[in-house]
Amino acid sequence: MSTSALPPARIAFEPKLFIGVIFLVTGLWTLSLLDTAGKLLASSGYHVMMIAWMRYSINVLFMAITLVPLYQRRSGRSIFRSNRLGLQMGRGVLLLASTLIFFSVLKIVPLAEGTAMNFCAPLIVLAISPWLLRERTYVSRWIAVLVGFAGMLIVIRPGGDIPPHGVALGMLSAFTMALMSILNRKANQADDPMVTLFYGALMGSALSTLAVPFFWSAHAPTTVEWLILISTGITSTIGHFLQNNAYRHAEASLLTPFFYAQIISASAMGWLVFGQFPDGITIIGIAVICASGMGIALVEHRRKRPPLPAEPGEAV
């Protein structure tokens, strides 16, 4: 049998895609541990600013010990060198705001539902990209946005488990995440993703350090609570590092559908740690959001993929 029907690029690409998916899914499960820790601490009475301060401070310290030396050996550059310093600092401010909002959501909303609402962020990016990014719009994108919004309405339906202020915070969190996605794209075009990761942690640590004295809890953390607080910085570093490495092995458009695996990890952690599992109607809404996001990711990938060269003798 002739091997000409299988382009060499495809044979080499599939293992890389598999490695990229492993990195991504492992990173998402790690970030679900971060979200679980944040919900545990917020539910125990710790202010979200205190949780964010510990998360970013440990994040910076852990990076300084592990990833920063690795980056400097690999690139020969200081991690403080940025081609778009203002953009990196602005992104860091928004990242801290996003963390505070999302931890506030998790304080009052089950883990799976809170994560599902955040997954409307890619659909919001599709809706606003024609104006903010000057990208061409397509009917398929608007269909995906409308379907995803319908899924959101099912999740937050009147009479459901999510209170109105939880819905409002969830939508604000999704919108903030959408803006973060746009800034991430611009920052990673200007600098190495490791620089972006470091500046996000650095800005979050600096700003939360200034604010945390006004929100400090009088409750002295137990040993277990200290371990949970410290874990937030470690899991956030590892999770985002794994995500960044996933993009070194596969295209973003191919990896996007696998982001929705975090719904599974969030549901699992919500059930194991908090005894919360989405009801049947909520699962349908989550499935609609996931189907919308995965569907448009596949459409976008096919739209960007160059056509295969014609076989010898094949009509073109």
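Okay, let's start at serine 98, which sits in helix α4. By helix I mean a DSSP run of H or I with at least four residues, while a strand is a run of E with at least two, and both are numbered from the N terminus. Before I go on, this is a predicted model, so you know: local features need pLDDT of at least 70, side-chain atom pairs count only at pLDDT 80 or more, and totals for chains, interfaces and linings use all residues. Residues are numbered from 1 along each chain as its sequence is written, and side-chain values use heavy atoms, with hydrogens and water left out.

Back to serine 98. Is it buried or exposed? At 5% relative accessibility, serine 98 counts as buried. The cut-offs are under 20% relative accessible area for buried, over 50% for exposed, and partly exposed in between, with a 1.4 Å probe and protein chains only. Leaving aside neighbours within four places in sequence, serine 98 is in contact with Thr176, Met177 and Met180, where contact means heavy atoms within 4.5 Å. Alanine 174 is 76 residues away along the chain, and its C-alpha atom is 8.8 Å from that of serine 98.

Now the whole chain. The protein has 13 helices and zero strands. Of its 316 residues, 47% count as buried. If you take contacts between residues at least 6 apart in sequence, 87% of them join residues at least 24 apart. The accessible surface is about 15700 Å², and 70% of that belongs to carbon and sulfur atoms; that's Shrake-Rupley with a 1.4 Å probe, and for residues only the protein chains shown count as cover.

On to the inside. The largest nonpolar core has 60 residues, and Met117, Ile156 and Ile162 touch the most other members. A nonpolar core here is a set of buried Ala, Val, Leu, Ile, Met, Phe, Trp, Tyr and Cys residues joined through side-chain atoms within 4.5 Å. Which helix gives the most to this core? That's α4, residues 85-108, with nine residues. Apart from that core lies another, of 12 residues, including Val60 and Phe198.

Methionine 117 is worth a look on screen. Not counting residues up to four places away, methionine 117 touches Val105, Val109, Met152, Ile156, Ile162, Gly166, Gly170 and Ala174. Methionine 117 is also one of the buried residues of α5.

How do α4 and α5 meet? Their axes come within 8 Å and cross at roughly 145°; axes are lines fitted to C-alpha atoms, for helices over the stretch in contact, and angles run from 0 to 180 degrees between N-to-C directions. On the α4 side you've got Phe102, Val105 and Leu106, and they meet Leu111, Gly114, Thr115, Met117 and Asn118 in α5.

Isoleucine 154 lies in α7, residues 139-155, and at 27% relative accessibility it counts as partly exposed. Beyond its sequence neighbours within four places, isoleucine 154 is in contact with Ile281, Ile284, Gly285 and Val288.

Last one: glutamine 243 in α10, residues 223-246. Glutamine 243 is buried, at 11% relative accessible area. Outside four places in sequence, glutamine 243 is in contact with Leu24, Leu28, Leu31 and Phe259.
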